[in-house]
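Here are my notes on this model, point by point. Please read them with the structure open.

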Amino acid sequence: MARVKLTDVTKEYGDVTAVNNMNLDLKDGEFITLVGPSGCGKSTTLETVAGLTKPTSGTIEIGDREVTNLPPKDRGIAMVFQNIALFPHMDVYDNISFGLRLRDFPQEEMDERVDEAARVVQLQGMLDRMPSEMSGGQRQRVAIARAIVREPEVFLMDEPLANLDAKLRVNMRTELQRLHKQLDTTIIYVTHNQAEAMTMSDRISVLNKGELQQIAPPLVCYNEPANRFVAGFIGSPSMNFARATINDGQLDTDDYSVDFDATVVEELEDGDDVEMGVRPEDLYLADNREEAHDPSQPLGVETDVLEPMGDQIFVYLKPVGESGSGMGDVEERQGLLMSVDPDTDIVEEQSIEVVIDRARIHLFDMQTGDALSHGVVREAATAEADDGEAEAGDDGAQVS
Ligand code: ADP
C-alpha cells in the first residue's frame, strides 16, 4: 500500500480543461472515491495516476516516488475497468496469471499468487472455467483477481461495477469492501453512483467541472457539504433549495419564514440574500415536531404528489393559495420535498403543517455557493452544556 499525492495537477485537451489544479493527498491504505457528474474529470484524474494520460502540469507521487513521467508498468498500480476485457480463449487461471507470465514469474510463485487471489475473490474451484461459462459478476471478479496477483501498491478502479445488474452491484459493493480490508491496499475508485461512494469509501472527493469541491468522509460531505454543488449532488432525493432574505432574525423565502439565530453567521446582515438548503428528511409533520432537534415554527402547506417508496413516502409539498400564506408569487414558487414514514396517514391535496429542523438548515453564499452555516441555531450541545452548568449553580452560564 502507498500514499498517493497529486499536486496542482491540470490536464487540458485543447480548449477543454478536464482537470483543473487538482490537489489530493491520499493516505496509505485509504479507500477514496472520486464522484461527480459525467464529464467532471474523474476518469482523467485516475488516468493521470495510472500513467495513461500525462498531465499538462503538476506532479504525481506514489509512495515516496514521483511518478509523473514514469510509464504505467513502473508505477506499482493495477487497474480494473468498467469493460471487463478477459481473453475469451483463455481459462480463468490463464486470465488471472497473464501479467505474471509476461514477466516470466516462476511457475510455483504464479500458482501461489493465483490461488491466493482466487480465494480472495471467492473463485476457488473455477480456475479451469472459460469466461463464456461465467456470469457477469464472476467475470468481474476474475478481472479483480488479475489485478490482485500483481500485488500493486495502489488499485485504480474506474466504474468497475457499472455493467452489472442492480442486485449484483450491491453484492459486489460488499465484496470490494471486504477485499479492501483484507488487502489493506490504497484504492482509488471512480463512480458516478453516489450510493457506492457513500457506502464504500473512507473519504469521498467530489468533483465538478474538473475541480475538486470537497474531500471528506461520506457523512461529512452529507452533513456538512462545503458548498451548494456538494449539497445538491450528495443525497437522494436531492436537497431542497430556496432563496431566502435575512430579515430581523428571520429567513424569509417566497413561501415561508424561519426564525434563526443571526449570530451563527456573523457576516450576514438584514437585507442579504442567501441560498437555503434543507434535506427532505429534515422536514417533519408539525405533529411529530419533537423528532426534530430544533423545530421551526409550523408552516402551512398543501400536499401535492405522493411517492410511496416502501420504506418511506416522498411527499411533494406546495404552498397553500396566496391568501393562505400571504407571501410571494405563486407562479415562481418551488415545491418542497419531504420524506415521511411509510405508515404516515397522509393523502394528496391535503392541507398540513410542517416544521423544518433548524439544526439542519444549510446556508450558502448566493454568489460563490460556499457553505456559510450548517444549522441556523447555536448547537444544541452547547445549550445542553450551558444548562448543565446552570444547574450546577453557575449563574454565569447563560448562552450569550
Ligand atoms: P468523467 O470521467 O468525470 O466522466 P472525463 O475525465 O472522462 O470525465 O472527462 C473530463 C472532460 O475532458 C470532458 O469534458 C471530456 O469530454 C474531456 N476529455 C476526456 N478525455 C478526452 C480526450 N482524450 N480528448 C479530448 N477531451 C477529452
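1. The model is predicted: local features need pLDDT of at least 70, side-chain atom pairs count only at pLDDT 80 or more, and totals for chains, interfaces and linings use all residues. Residues are numbered from 1 along each chain as its sequence is written, and side-chain values use heavy atoms, with hydrogens and water left out.

2. How do the two domains meet? Eight residues of domain 1 touch twelve residues of domain 2, where contact means heavy atoms within 4.5 Å. About 810 Å² is buried between domain 1 and domain 2, and carbon and sulfur atoms give 50% of that area. Buried area is the accessible area (1.4 Å probe) that two parts lose on being put together, summed over both. On the domain 1 side, Tyr-222, Pro-225 and Arg-228 supply 66% of the area buried against domain 2, more than any other three residues.

3. The bond is cis, with omega about -5°. Pro-237 sits in the loop between helix 8 (228–233) and strand 11 (240–246). Helices (H or I, at least four residues) and strands (E, at least two) are DSSP runs, numbered from the N terminus.

4. Next, helix 4 (residues 136–148) against helix 5 (residues 166–183). Their axes come within 11 Å and cross at roughly 20°. Helix 4 is therefore roughly parallel to helix 5. The crossing is right-handed. Gly-136, Gly-137, Gln-140, Arg-141, Ile-144 and Ile-148 of helix 4 meet Leu-168, Met-172, Glu-175, Leu-176, Leu-179 and Leu-183 of helix 5. By class, this contact has seven nonpolar, three polar and two charged residues.

5. The terms used for helix pairs are as follows. Axes are lines fitted to C-alpha atoms, for helices over the stretch in contact, and angles run from 0 to 180 degrees between N-to-C directions. Angles under 35 degrees count as roughly parallel, over 145 as roughly antiparallel, 65 to 115 as roughly perpendicular and the rest as oblique. A crossing is right-handed if the near helix is turned clockwise from the far one by less than a right angle, and left-handed if anticlockwise. Ala, Val, Leu, Ile, Met, Phe, Trp, Tyr, Cys and Pro count as nonpolar, Asp, Glu, Lys and Arg as charged, and the others, Gly among them, as polar.

6. Helix 4 also packs on helix 2 (residues 92–102). The angle is about 35°, with the axes 7 Å apart. This crossing too is right-handed. Helix 2 contributes Val-92, Asn-95 and Ile-96, and helix 4 contributes Val-142, Ala-145 and Arg-146. Four of these residues are nonpolar, one is polar and one is charged.

7. Which way does helix 3 (residues 107–120) run against helix 2? The axes come within 10 Å and cross at roughly 130°. The two helices are therefore oblique to each other. Their crossing is right-handed. Tyr-93, Ile-96, Ser-97, Leu-100 and Arg-101 of helix 2 meet Gln-107, Met-110, Asp-111, Arg-113 and Val-114 of helix 3. The contact has five nonpolar, two polar and three charged residues.

8. Two strand residues deserve a look. Asp-8, in strand 1 (residues 4–13), has phi near 50°, a positive value in a residue other than glycine. Gln-213 lies in strand 10 (residues 211–216). Its C-alpha atom is 12 Å from that of Thr-368, 155 residues apart along the chain. Leaving aside neighbours within four places in sequence, the contacts of Gln-213 include Val-206, Asn-208, Ala-226 and Phe-229.
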